[in-house]
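Grab a pencil and work through these exercises one step at a time. Have a go at each task before you read its solution.

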Amino acid sequence: MRLEAYKLLESLKGSLVAVGAIILTFLAPIIPLILIVGFAIGFDTLTGIMKAKKLGVAISSRAASSIVSKFVLYNSAVILFFLIESFILKDIIGIFTAIPFLLTKVVTTTLLFIEGSSINENYMAITGVSLWANKKRQPGLTNQINPETLQLIEQTHYSNPGLDTSLIINAALM
(Lines give C-alpha, C1' and ligand atoms only; values in the text may rest on other atoms or scores of the structure.)
Protein backbone atom coordinates (compact mmCIF):
# COMPACT_ATOMS: atom_id res chain seq x y z
CA MET A 1 0.00 0.00 0.00
CA ARG A 2 2.79 2.42 0.91
CA LEU A 3 4.73 1.68 -2.25
CA GLU A 4 1.66 2.40 -4.40
CA ALA A 5 1.07 5.72 -2.62
CA TYR A 6 4.72 6.64 -3.09
CA LYS A 7 4.56 5.84 -6.82
CA LEU A 8 1.36 7.84 -7.15
CA LEU A 9 2.92 10.85 -5.40
CA GLU A 10 6.04 10.65 -7.59
CA SER A 11 3.88 10.48 -10.70
CA LEU A 12 1.81 13.46 -9.51
CA LYS A 13 4.98 15.40 -8.70
CA GLY A 14 6.34 14.78 -12.21
CA SER A 15 3.05 15.85 -13.77
CA LEU A 16 2.91 19.05 -11.71
CA VAL A 17 6.48 19.94 -12.69
CA ALA A 18 5.63 19.38 -16.36
CA VAL A 19 2.47 21.53 -16.15
CA GLY A 20 4.41 24.26 -14.30
CA ALA A 21 7.11 24.22 -16.98
CA ILE A 22 4.48 24.53 -19.72
CA ILE A 23 2.82 27.50 -18.00
CA LEU A 24 6.17 29.18 -17.36
CA THR A 25 7.17 28.72 -21.00
CA PHE A 26 3.87 30.17 -22.18
CA LEU A 27 4.26 33.23 -19.91
CA ALA A 28 7.96 33.71 -20.77
CA PRO A 29 7.37 36.81 -22.98
CA ILE A 30 5.78 38.72 -20.09
CA ILE A 31 7.95 37.56 -17.19
CA PRO A 32 9.97 40.82 -17.33
CA LEU A 33 6.71 42.81 -17.16
CA ILE A 34 5.54 40.77 -14.16
CA LEU A 35 8.90 41.32 -12.44
CA ILE A 36 8.80 45.08 -13.10
CA VAL A 37 5.29 45.33 -11.62
CA GLY A 38 6.44 43.27 -8.63
CA PHE A 39 9.45 45.54 -8.13
CA ALA A 40 7.22 48.65 -8.26
CA ILE A 41 4.86 47.13 -5.68
CA GLY A 42 7.84 46.26 -3.48
CA PHE A 43 9.26 49.79 -3.74
CA ASP A 44 5.83 51.27 -2.98
CA THR A 45 5.60 48.98 0.05
CA LEU A 46 9.03 50.09 1.24
CA THR A 47 8.14 53.78 0.94
CA GLY A 48 4.79 53.07 2.59
CA ILE A 49 6.55 51.48 5.58
CA MET A 50 8.90 54.46 5.82
CA LYS A 51 5.89 56.80 5.70
CA ALA A 52 4.10 54.81 8.43
CA LYS A 53 7.18 54.93 10.66
CA LYS A 54 7.58 58.66 10.15
CA LEU A 55 3.92 59.33 10.93
CA GLY A 56 3.92 56.87 13.85
CA VAL A 57 1.24 54.65 12.32
CA ALA A 58 1.27 50.98 13.34
CA ILE A 59 1.61 48.49 10.50
CA SER A 60 -1.17 45.91 10.79
CA SER A 61 -1.53 42.48 9.22
CA ARG A 62 -4.51 43.86 7.29
CA ALA A 63 -2.25 46.41 5.59
CA ALA A 64 0.30 43.69 4.88
CA SER A 65 -2.35 41.44 3.34
CA SER A 66 -3.31 44.24 0.96
CA ILE A 67 0.21 44.01 -0.48
CA VAL A 68 -0.36 40.38 -1.42
CA SER A 69 -3.78 41.23 -2.85
CA LYS A 70 -2.30 44.06 -4.91
CA PHE A 71 0.50 41.80 -6.21
CA VAL A 72 -1.95 39.07 -7.23
CA LEU A 73 -4.45 41.53 -8.74
CA TYR A 74 -1.91 43.54 -10.74
CA ASN A 75 -0.09 40.50 -12.10
CA SER A 76 -3.39 38.78 -12.87
CA ALA A 77 -4.35 41.84 -14.92
CA VAL A 78 -1.06 41.68 -16.85
CA ILE A 79 -1.53 37.94 -17.50
CA LEU A 80 -5.21 38.39 -18.45
CA PHE A 81 -4.42 41.10 -21.00
CA PHE A 82 -1.57 38.95 -22.33
CA LEU A 83 -4.03 36.10 -22.87
CA ILE A 84 -6.63 38.38 -24.47
CA GLU A 85 -4.01 39.88 -26.74
CA SER A 86 -2.45 36.51 -27.62
CA PHE A 87 -5.67 34.72 -28.51
CA ILE A 88 -8.15 37.43 -29.53
CA LEU A 89 -6.60 40.77 -30.44
CA LYS A 90 -3.19 39.81 -31.83
CA ASP A 91 -4.22 39.99 -35.50
CA ILE A 92 -6.25 43.16 -35.04
CA ILE A 93 -3.49 45.02 -33.20
CA GLY A 94 -0.97 43.66 -35.73
CA ILE A 95 -2.74 45.62 -38.47
CA PHE A 96 -1.87 48.91 -36.78
CA THR A 97 1.54 48.24 -35.21
CA ALA A 98 4.34 45.70 -35.15
CA ILE A 99 5.03 46.17 -31.44
CA PRO A 100 4.59 42.77 -29.77
CA PHE A 101 2.17 42.63 -26.82
CA LEU A 102 1.34 46.34 -27.09
CA LEU A 103 -1.86 46.10 -25.04
CA THR A 104 -0.09 44.15 -22.29
CA LYS A 105 2.65 46.78 -22.20
CA VAL A 106 0.08 49.59 -22.00
CA VAL A 107 -1.63 47.88 -19.05
CA THR A 108 1.75 47.38 -17.35
CA THR A 109 2.63 51.04 -17.92
CA THR A 110 -0.70 52.09 -16.42
CA LEU A 111 -0.05 49.95 -13.33
CA LEU A 112 3.46 51.42 -13.05
CA PHE A 113 2.00 54.93 -13.25
CA ILE A 114 -0.40 54.08 -10.41
CA GLU A 115 2.47 52.71 -8.31
CA GLY A 116 4.62 55.72 -9.20
CA SER A 117 1.90 58.06 -7.99
CA SER A 118 1.66 56.12 -4.74
CA ILE A 119 5.44 56.22 -4.31
CA ASN A 120 5.35 59.98 -4.92
CA GLU A 121 2.62 60.40 -2.27
CA ASN A 122 4.68 58.40 0.22
CA TYR A 123 7.83 60.37 -0.61
CA MET A 124 5.93 63.63 -0.21
CA ALA A 125 4.66 62.52 3.21
CA ILE A 126 8.21 61.58 4.26
CA THR A 127 10.13 64.58 2.91
CA GLY A 128 7.45 67.19 2.26
CA VAL A 129 8.60 67.50 -1.37
CA SER A 130 7.20 65.88 -4.48
CA LEU A 131 9.49 63.72 -6.62
CA TRP A 132 8.18 65.50 -9.71
CA ALA A 133 8.87 68.92 -8.18
CA ASN A 134 12.47 67.85 -7.49
CA LYS A 135 12.87 66.94 -11.16
CA LYS A 136 11.60 70.36 -12.25
CA ARG A 137 14.12 72.15 -10.04
CA GLN A 138 17.15 70.54 -11.65
CA PRO A 139 19.18 72.94 -13.77
CA GLY A 140 18.61 72.98 -17.48
CA LEU A 141 21.09 71.89 -20.11
CA THR A 142 22.59 75.33 -20.59
CA ASN A 143 23.34 75.65 -16.88
CA GLN A 144 25.47 72.50 -17.01
CA ILE A 145 27.72 73.61 -19.87
CA ASN A 146 30.63 75.96 -19.31
CA PRO A 147 29.65 79.43 -20.67
CA GLU A 148 32.76 79.60 -22.89
CA THR A 149 31.90 76.20 -24.39
CA LEU A 150 28.32 77.30 -24.99
CA GLN A 151 29.56 80.44 -26.76
CA LEU A 152 31.87 78.33 -28.95
CA ILE A 153 28.97 76.02 -29.85
CA GLU A 154 26.81 79.00 -30.83
CA GLN A 155 29.61 80.50 -32.98
CA THR A 156 30.18 77.14 -34.68
CA HIS A 157 26.48 76.74 -35.35
CA TYR A 158 26.08 80.23 -36.86
CA SER A 159 29.21 79.96 -39.02
CA ASN A 160 28.24 76.43 -40.24
CA PRO A 161 24.42 76.27 -40.30
CA GLY A 162 24.38 72.76 -41.81
CA LEU A 163 26.60 71.33 -39.03
CA ASP A 164 24.89 69.16 -36.42
CA THR A 165 26.02 70.66 -33.10
CA SER A 166 24.33 67.96 -30.99
CA LEU A 167 27.58 65.93 -31.00
CA ILE A 168 29.48 68.93 -29.65
CA ILE A 169 26.86 69.47 -26.94
CA ASN A 170 27.00 65.79 -25.95
CA ALA A 171 30.81 65.95 -25.79
CA ALA A 172 30.62 69.10 -23.64
CA LEU A 173 28.32 67.33 -21.17
CA MET A 174 30.70 64.40 -20.67
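**Exercise 1.** How do the residues of the lining of the largest pocket divide into nonpolar, polar and charged?

*Solution.* Before we start: this is a predicted model, where local features need pLDDT of at least 70 and side-chain atom pairs count only at pLDDT 80 or more, while totals for chains, interfaces and linings use all residues. Residues are numbered from 1 along each chain as its sequence is written, and side-chain values use heavy atoms, with hydrogens and water left out.

Step 1: sort the lining by class (Ala, Val, Leu, Ile, Met, Phe, Trp, Tyr, Cys and Pro are nonpolar; Asp, Glu, Lys and Arg are charged; the others, Gly among them, are polar). You get 10 nonpolar, six polar and three charged residues.

Step 2: find the middle. Of the 19 lining residues, T45, G48, I49, A63 and I67 lie nearest the pocket's centre. (On a 1 Å grid over the protein atoms alone, a pocket is an open set of points where a 1.4 Å probe fits, with protein on both sides within 12 Å along at least five of seven lines; lining residues have an atom within 4 Å of a point.)

Step 3: see who contributes. Helices α2, α3 and α4 (102-127) each give two or more residues to this lining, and α2 gives the largest share, eight residues. (Helices are DSSP runs of H or I, at least four residues, numbered from the N terminus.)

**Exercise 2.** At what angle do the axes of α2 and α3 cross?

*Solution.* Step 1: the axes of α2 (residues 31-55) and α3 (residues 61-96) come within 10 Å and cross at roughly 155°. (Axes are lines fitted to C-alpha atoms over the stretch in contact, and angles run from 0 to 180 degrees between N-to-C directions.)

Step 2: that makes α2 roughly antiparallel to α3 (over 145 degrees is roughly antiparallel, under 35 roughly parallel).

Step 3: look at the partners. Among the residues that meet are L33, I34 and V37 in α2 and I67, K70 and F71 in α3. This contact has nine nonpolar, three polar and two charged residues.

**Exercise 3.** How far apart are the axes of α2 and α4?

*Solution.* Step 1: these axes are 9 Å apart, and the helices pack at an angle of about 15°.

Step 2: α2 is therefore roughly parallel to α4.

Step 3: count classes again. The contact of α2 with α4 has 11 nonpolar, six polar and five charged residues.

Definitions and conventions
Parallel < 35°, antiparallel > 145°, perpendicular 65-115°, else oblique. Contact = heavy atoms within 4.5 Å.
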